[in-house]
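Thanks for coming. Please bring it up on the screen.

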Amino acid sequence: MNSIGPVQLLTVEFGPDAKFERRIVEELDILEANGQICVLDMLFVGKEPGGALFALDYQAEGMGDTVAALLGLPSERIRSTVGTYPSPAEGNAFKLTPDEIRQTAEALDPGSSAGFILLEHVWAKYLRRAIRDAGGVPVAEGFLTEEALRPVTAELVASARRLD
């Protein structure tokens, strides 16, 4: 069996005034072309005033099915809303449990939308194998937000300068 790198579900919420100008998709394309990530699946959803989730963008056969399953959205619901809710983009562009993933979607404000992107971190595949081969077991991981990094900004800048 082929090994796969760590898989992350990146969820990004957008307000009603979000501007979808393909910038996100273009950046994902660049990262994929450089072999840094592999986009396994992607689904953009919106939330109706009554609270029901619907697909905002139907890109290709099978695209969005994995994320929809994680969200507890029947695939028929994705396909049935395509004509009603066209793509907002021109050209159609951590250790989470299934319950936590669904709660994230349910927590969206009515009228807002979110992109759920399932990424494989290709670059980390061999590092993870080396850690496991050495007897290590990852116990925590995650991306730090700008807010979490703010208290150590000076140290990060100094480290970056040292490395240059």
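Start with Asp41: in this predicted model, the residue has a relative accessible area of 2%. The cut-off for buried is under 20%, so Asp41 counts as buried. Asp41 sits in strand β2. What lies 2.8 Å from a polar atom of its side chain? That is the backbone nitrogen of Val67.

Val67 takes us to the nonpolar residues. The largest nonpolar core has 15 residues, and Val67 is among those with the most contacts inside it, along with Leu43, Val45, Leu71, Leu73 and Phe116. At least two residues of this core come from each of β2 (38–47), β3 (53–55), α2 (65–71), α4 (98–106) and β4. There is also a second, separate core, with 11 residues, including Leu28, Val39, Met42 and Phe44. As background, nonpolar side chains in soluble globular proteins tend to be buried together.

Now Val45. Leaving out residues up to four places away in sequence, Val45 touches Leu53, Phe54, Ala55, Leu56, Leu71, Leu73, Leu108, Ser113, Ala114 and Phe116.

Last, the second largest pocket, which holds about 180 Å³ of space. Two or more lining residues come from each of β1 (7–14), α1 (23–33) and β4 (113–120). Which element gives the most to that lining? It is α1, with 4 residues. By class, the lining has 8 nonpolar residues, 1 charged and no polar. Among the lining residues are Leu10, Val12, Glu27, Leu28, Ile37 and Leu119.

Notes. Residues numbered from 1 in each chain as written. Predicted model: local features only at pLDDT ≥ 70, side-chain atom pairs only at ≥ 80, totals over all residues. Heavy atoms only, no water. 1 Å grid on protein atoms, 1.4 Å probe; cavity = no way out; pocket = protein on both sides within 12 Å on 5 of 7 lines; lining within 4 Å. Points joined across faces, edges and corners; volume = space filled by probe spheres on them. Nonpolar A, V, L, I, M, F, W, Y, C, P; charged D, E, K, R; others polar. Core = buried A, V, L, I, M, F, W, Y, C linked by side-chain atoms within 4.5 Å. Buried < 20%, exposed > 50% of the residue type's maximum accessible area, 1.4 Å probe, protein only. Contact = heavy atoms within 4.5 Å. Polar contact = N/O pair within 3.5 Å; in protein donor to acceptor, adjacent residues only side chain to side chain.
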